[in-house]
Amino acid sequence: MEVGKMTVSINKAINTQEVAVKEKHARTCILGTHHEKGAQTFWSVVNRLPLSGNAVLCWKFCHVFHKLLRDGHSNVLKDSVRYKNELSDMSRMWGHLSEGYGQLCSIYLKLLRTKMEFHTKNPRFPGNLQMSDRQLDEAGENDVNNFFQLTVEMFDYLECELNLFQTVFNSLDMSRSVSVTAAGQCRLAPLIQVILDCSHLYDYTVKLLFKLHSCLPADTLQGHRDRFLEQFRKLKDLFYRSSNLQYFKRLIQIPQLPENPPNFLRASALSEHISPVVVIPAEASSPDSEPITDLVEMDTASQSLFDNKFDDIFGSSFSNDPFNFNSQNGMNKDDKDRLIEQLYREIGALKEELENFKAESERRALQLRGRISELEAELAEQRHLKQQALDESEFLRAELEELKKQREDTEKAQRSLTEIERKAQANEQRYTKLKEKYSELVQNHADLLRKNAEVTKQMTVARQAQGDVEREKKELEDSFQRVSEQAQRKSQEQTEVLETLKRELTASKQELQALQGTLESSTQLGVEQSTRIAGLEQERDSLSQAAEQHGEEMAALRAELQQLRDTLSSEKESSKKVLEMLQTQLKDKENVEQALQQSLSKEQFALLQGTVREAEQMVQDSLSRLEDPAHISCTSSADYLLSRTLAASDCIERLQDAHRKYLSNRTDMSSLLPCVALFAHLISDTILQGSATSHMAPMEPADRLLEACKQCGSEAISYLSALKEPGTLEGADCTPVRNCLSHISAIGEALRPKGLDVKQEELGDLVDKEMAATSAAVETAAARIEEMLSKARAGDTGVKLEVNERILGSCTGLMQAIQLLVLSSKDLQREIVESGRGAASPKEFYAKNSRWTEGLISASKAVGWGATVMVDAADLVVQGKGKFEELMVCSHEIAASTAQLVAASKVKADKDSANLSKLQQASRGVNQATAGVVASTKSGKSQIEEKDSMDFSSMTLTQIKRQEMDSQVRVLELENQLQKERQKLGELRKKHYELAGVAEGWEEDAAD
């Protein structure tokens, strides 16, 4: 195959179109790997594809790569191991996307990495996971530790397969026919490979778990059984859901798992396990696929099932230890406590096998009886034939003597000669018929000899079966001396077996009567045909000898049959004694288990009492901390208090469920103990958070909240005390605790901040109004600055005109930048509303995001107010009545307000939005314009101060001294005034922070 053709097929199979990979392109890629005995060309093409930039491209790459790992050349895995780290990095990168194909690609890449690691660790497993039972047995190298580790790795492998399976189904809208759309088929197509892998992994996991249970204690494999049960339920559900999709019905036949999972505690359940078979129809290829020979060996419906014997599958039996596991772990056969559960399971299986052997023996005995009856009938028939032959011989002898006399009498007579010739011809015909009859008798004799050999062979098989039964009985007595079970049922089963044998004997007698009738008719026919036999004395002797031999063989068979009956009777008596002994041992074991169960119940209740005491101590400690002076400084919010009360209420629900479950089953407290500990923790946390919240609340609500917390703690201690006593355990009720939590929640709701005093439905209108007011304020400020600039040019000259033009020009630039910022903010705000509201109206979107809306309103107000104040300050400066510092402060305030507006708009904007970029550019323009206003103001101030600088050259010493003293007085006054202004500024900022907190919902106003 040409490299160029394979490259084209790879590029066609892995593209950005959201359609399923075409089968003909995938097959060409698979054939290419077999042609070049590796995947070098595949990876050289894939490395040039932008897999990290397009999720659909990466998804289709995963699909093709999965096919290559399954059906491609064996060197594909070796050539792909070097790219394992890149696949892991790509998986982590796509994992950051929670929607679309991103999460699917991340999970699929993780599955492929797991598949590569599994086949690297277990090279005996081919890529398509198809193995025979013998190969699976060889994969563990006859070591139980290897089988244990292999089972864990298969669990991990199957978990990744099921995770991808479930994620693909969750990403589809199953309420529509997604399987008939191109996009749906693109996501569903890789699941065919997943279904093939899952069917084999499930089958191998069942077989390995049965093998492990035959060698390890059941307690050791409890985790394996739990994990298998979880994966069994998931796989069964996913197979069922997949089989209902129209897309899969024409491509693959998905098997259905059994209703209940296999019972690994019963060894004979392995014979009930049926391997799931996935069938891909021959016509399942896509419409545009080419007739290329499929390299994948698909499972067929004719795959053989398991043998009924567990020993035949794994090469070992229940009676030995193939892995020498007992000697490895120091286990003894008499270690009854650890092996009792496993012995219970195996004794049932061995008894079933014993019953099967006994039934087989009885069946064969019945067959032998029937055969004996047939032989007796045949012997009687032969004796009858012998007697008939003797009679015919005497008759023929007398006839011959008469013929001789006739020949002597008619020697001389010509007419008698003709008659004699005619009789001679008749005799010759009789001889021919007798010869034919002789041949038939010889054939019957040979048949009797063959039947005799078959009877002998059947007796040998019966004796061997009897020996097997005796060996199995000895193994049962040696291995399971202390196990007892179901003596009465066995006796009933034996009675049923005897009744079955009687019915079969009656049926055999009826068949024998029918055969006798057939034999009688055959005998009559034989009598008619053998009336003319002569000269068969030698044959009669041989028949007599054969009859004697048959008689001896029948006597031997009767003796063996009687011996077999005696053996079965002795075996029944011994089995009855063994069952009685096992029943006695079972009663002793039940008494011991009952005592242990009582002891376990007492210990569990003692554990519950200890846990309850710790919980009481925890709640009591939280109540005592309410009076601790160090706790008075702790504060909290009403929102956090409500979250704690909600968590405590949920915990109470779970605690009640666990309490009811424990009352129904006193031996299971796995859910009650964690709920009690969590209940105490959450109640303590709620009490402390309620106390901390009361420190920030007004007097009356704080007192009510603190009292509710104390009452809640008291009720919780009362409830825990009821759980601690056996008499009050059933009547323990946590309803008072729930009522106290509801009271605390009501007080917390009353303490929550109320936010802006605006109705939710009015927020949308208020945003539009504030943005319009801000635009109008900026436009008005720009118009006033133009008017002031015109007046300054008309009335000022010189340095003053230059200063005023520079200041007003920079203010005009700032107003233009603010206008551009407001327009950009409106565009971005419109984009945010359109992308985030969905089917809701803009007003509903503003009401839903009220905090963000309030921040946007506050920022808009600040921008409009800053523009108005700056224009007023610039007017006073131009008139010579204002201060340059006021103008600089206003500029800084406008910069801060625009930054607040940008931040409020940026919160819900898309980081790649073009309108956000425009808004950020406009914000930078505002900052530059603000810097220009500050720079022009400082420059104008320095020019004015240089112009107004004083000339001290004409002053006298006394005047200069007086001016110096006045300046010192003025400096002290200004310093005192500066200190007061700074204190005033601090108070103003503190008050502004409090008012802003109320507006934003930070804390509750004391007046409310």
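Arg565 counts as partly exposed, because its relative accessibility is 36% and the band for that class lies between 20% and 50%. The model in which this residue sits is a predicted one. Arg565 belongs to helix H19, which covers residues 537–625. In sequence, Arg565 and Glu362 are separated by 203 residues, yet their C-alpha atoms lie 9.5 Å apart in space.

That pair leads to the chain as a whole. The secondary structure consists of 30 helices and 0 strands. The chain has 1008 residues, of which 41% count as buried. Its exposed surface comes to about 56,000 Å², and carbon and sulfur atoms supply 50% of that area.

Two helix pairs can now be followed in detail. Two packed helices are described by the angle between their axes and the distance between the axes. Helix H6, residues 84–94, packs against helix H7, residues 101–121, at an angle of about 155 degrees, and the axes are 8 Å apart. Angles over 145 degrees count as roughly antiparallel, and H6 and H7 are therefore roughly antiparallel to each other. Their crossing is left-handed. On the H6 side, the contact is made by Lys84, Asn85, Leu87, Ser88, Met90, Ser91 and Trp94. H7 contributes Gly102, Gln103, Cys105, Ser106, Leu109, Lys110, Arg113, Met116 and Glu117. By class, the residues of this H6 and H7 contact comprise 6 nonpolar, 6 polar and 4 charged.

The second pair is helix H9, residues 144–170, and helix H12, residues 222–243. The axes of H9 and H12 come within 10 Å and cross at roughly 35 degrees. The crossing of H9 and H12 is left-handed. From H9, the residues in contact include Phe148, Val152, Phe155, Leu158, Leu162, Phe165 and Phe169, along with Thr151, Asp156, Glu159 and Gln166. From H12, the contact involves His224, Arg227, Phe228, Gln231, Lys234, Leu235, Leu238, Phe239, Arg241 and Ser242. The residues of the H9 and H12 contact divide into 11 nonpolar, 5 polar and 5 charged.

Definitions and conventions. Residues numbered from 1 in each chain as written. Predicted model: local features only at pLDDT ≥ 70, side-chain atom pairs only at ≥ 80, totals over all residues. Heavy atoms only, no water. Axes fitted to C-alpha atoms, helices over the stretch in contact; angles between N-to-C directions. Helix = DSSP H or I, 4+ residues; strand = E, 2+ residues; numbered from the N terminus. Parallel < 35°, antiparallel > 145°, perpendicular 65-115°, else oblique. Left-handed = near helix turned anticlockwise from the far one by under 90°. Contact = heavy atoms within 4.5 Å. Nonpolar A, V, L, I, M, F, W, Y, C, P; charged D, E, K, R; others polar. Buried < 20%, exposed > 50% of the residue type's maximum accessible area, 1.4 Å probe, protein only. Areas by Shrake-Rupley, 256 points an atom, 1.4 Å probe, with all protein chains shown as cover.
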